[in-house]
Protein chains: 2
Amino acid sequence: MSREVLVESVPNFSEGRRMEVVDAIEAALRVPGVLILDRSSDPDHNRSVITVVGPPDAVLEGLFQATKVASQLINLFEHQGEHPRLGATDVIPIVPIQNITLEECVELARRLGQRIGEELELPVYLYEAAATRPERRNLAKVRKGQFEALVKEIGTPEREPDFGPARVGPAGAVIVGARPFLIAYNVYLKTDDVSIAKQIAKTIRESSGGLPAVKALGLLVEGQAQVSMNLTDFQRTPVHVVVEAIKEEARKLGTEMDRSELIGLIPQDALFQAAAYYLKLPDFDRRQVVEVAIQKAKARAEEAGEEPSAGGQPG
Amino acid sequence: MSREVLVESVPNFSEGRRMEVVDAIEAALRVPGVLILDRSSDPDHNRSVITVVGPPDAVLEGLFQATKVASQLINLFEHQGEHPRLGATDVIPIVPIQNITLEECVELARRLGQRIGEELELPVYLYEAAATRPERRNLAKVRKGQFEALVKEIGTPEREPDFGPARVGPAGAVIVGARPFLIAYNVYLKTDDVSIAKQIAKTIRESSGGLPAVKALGLLVEGQAQVSMNLTDFQRTPVHVVVEAIKEEARKLGTEMDRSELIGLIPQDALFQAAAYYLKLPDFDRRQVVEVAIQKAKARAEEAGEEPSAGGQPG
């Protein structure tokens, strides 16, 4: 268990209204070994997101089967929703969780993309770390003009798929890639002035020259200014670095941070980083965490050929 | 694995010089299922401490076997060392780690104590949460006068053992109990004035009316004032509460905190608590931690009778 290789995937499907369709997709995803961590559907976006985790082979098989079912049950020529999309299974990111690198996840993404292209005969685009062209790293650019534009442009060199045929059917195209764990993190300010949140977002986000691997928007949420973020690589820019930057900018603009909000999941290492920073533990080592130490000891016992979790009491 | 019940124990043996004796004790502890997380010997104290973790039955069996070996190889009539002790196996705490309560660990401690008393014919005293008398909760009081006093006093009502005979042989007595996880945590100050560390220690420790479950001493370590602590129940008084209290006292006394130091292990929940506090995440739930969510999903899959970690790719 401790040497177990785990990847996460958060496939996005273009169906958020017909629950029987989402149920069928989830059932296809549930191959042995795949754990469903979360599922949420948004009727306005007409889109569902399912979070799965498991060993790479199992997750890839589940993703393939789910993509197949979605391609049979969702017709993009009839699909309407607020969220941009290219296909029935719109995006499939492969995310390293345990005992696997991002580079290995790139290989997994390409393997899955190839299989979808060949066996389901859908056009497949590789994105982020798996991209084969620089301009395809950015998901928004791959999805530009959405399904409706792709139908017209699929024959152009810019739109040539990485795998599968250069033609678009009712299931559209599938975007497959690999990326680090994404933390969806919001900071509320003690003000109702959204312009301050917008200003802070602009200062801290990478696209305006701010912190690497930080995407940020300023919003007004239930009357309170909020800096809404995606932290796309917490090893490059830790959560506490972002929070401290926001605190400082807020002070400059005459307000202060109220609280944070975590949407979905966060890796334990991101919290260990923050705790060690604030507690001023310069020599902290994650192997000092009991649960991590137990995992390491189990791995050593397994390597030594011992049986680490035998049951009964012999004597 | 995820529903696995895990306890920790940190047995203390009165031998820190003859490594062949400590090796024999460790070998006895290594029954199937028991993981050795750490082992350290102090020749001045003439004492060794081994940290083990595993399922309760396996840990109890290992502790019994190690106590048996120690009772055969260590003679308290000949033992000298700086650290107070009552017996060859001096103290055995049982600590809840996963899927088990402190109350259940009390039962385990009593089961182990009874077996040691009956099968090894050693006097056994129960301490901390397992104590049968209020005055035996405190380990230092149980160990008062050490082995040498116990030899004379074992026949008195105050010294009546909880299990085993009221007589002392060369192996002395064994003190068995249950307690929450103990965090050994030090805070260095930006001063070489040890009186400030002593003053802060006095202010924050429970015994002087400070924070619950905090033991503290002021020391001078390599020319730097240090508040040296045992946090005996981080659910009652979290690490970050202690650190913030020290920061405030240090300010009052004209200095400031330099850094912290963690000796040994810390439970992940203590770090999650600290991260959530400093990041101002009032709605944080440990189930939002990826690794915790995976464990929970595995437990659900096991309950549903599924095979959560099957291997190969069927199609």
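Modeller: Two strands are taken to pair here if DSSP finds at least two bridges between them. The model is a predicted one, and what follows should be read with that in mind. With that criterion, strand S8 of chain A, residues 183-189, is joined by six bridges to strand S11 of chain A, residues 257-263, and the two run antiparallel. S8(A) also pairs in the antiparallel sense, again over six bridges, with strand S10 of chain A, residues 224-231. One residue shows both pairings: Asn186(A) stands opposite Ser228(A) in S10(A), and Asn186(A) likewise stands opposite Glu261(A) in S11(A). Five of the seven residues of S8(A) are buried, so this strand is largely enclosed by the rest of the structure.

The sheet as a whole can be followed in chain B, where four strands form an open sheet in the order S9-S10-S8-S11 with antiparallel pairing. Its edge strands are S9(B), residues 214-221, and S11(B), each of which pairs on one side only, and the twist from one strand to the next averages 20°. Within this sheet, S8(B), residues 183-189, and S10(B), residues 224-231, run antiparallel and are joined by six bridges, with Val187(B) standing opposite Val227(B) in S10(B). Helix H7(B) packs on the sheet and touches S8, S9, S10 and S11 of chain B, its direction making about 25° with that of S8(B). Helix H6 of chain B, residues 194-204, lies across S8, S9 and S10 of chain B and runs at about 180° to S9(B).

Some of these elements also take part in the contact between the chains, which takes 55 residues from chain B and 54 residues from chain A.

As for how the two copies are placed, chain B can be laid on chain A with an RMSD of 0.2 Å by a turn of 179° and a shift of 0.0 Å along the axis. The two copies are thus related as by a two-fold rotation axis. Of the residues of chain B, Ala275(B) comes closest to that axis, its C-alpha lying at 2.4 Å. Moreover, 98% of the interface residues of chain B are also interface residues in chain A, so the copies meet through the same surface.

Helix H2(A), residues 56-73, and helix H3(A), residues 102-119, pack at an angle of about 30° with their axes 10 Å apart, and their crossing is right-handed. In this contact Pro56(A), Leu60(A), Leu63(A), Phe64(A) and Thr67(A) of H2(A) meet Leu108(A), Arg111(A), Leu112(A), Arg115(A) and Ile116(A) of H3(A), which by class makes seven nonpolar, one polar and two charged residues.

How values were computed. Residues are numbered from 1 along each chain as its sequence is written. Chains are lettered from A and ligands numbered from 1 in the order in which they are written. This is a predicted model: local features need pLDDT of at least 70, side-chain atom pairs count only at pLDDT 80 or more; totals for chains, interfaces and linings use all residues. Copies are superposed by least squares on the C-alpha atoms of residues with pLDDT of at least 70 in both. Two residues are in contact if their C-beta atoms, placed from the backbone, lie within 7 Å. Axes are lines fitted to C-alpha atoms, for helices over the stretch in contact, and angles run from 0 to 180 degrees between N-to-C directions. A crossing is left-handed if the near helix is turned anticlockwise from the far one by less than a right angle, and right-handed if clockwise. Ala, Val, Leu, Ile, Met, Phe, Trp, Tyr, Cys and Pro count as nonpolar, Asp, Glu, Lys and Arg as charged, and the others, Gly among them, as polar. A residue is buried if 20 or more other C-beta atoms lie within 10 Å of its own, exposed if 12 or fewer, and partly exposed in between; C-beta atoms are placed from the backbone.
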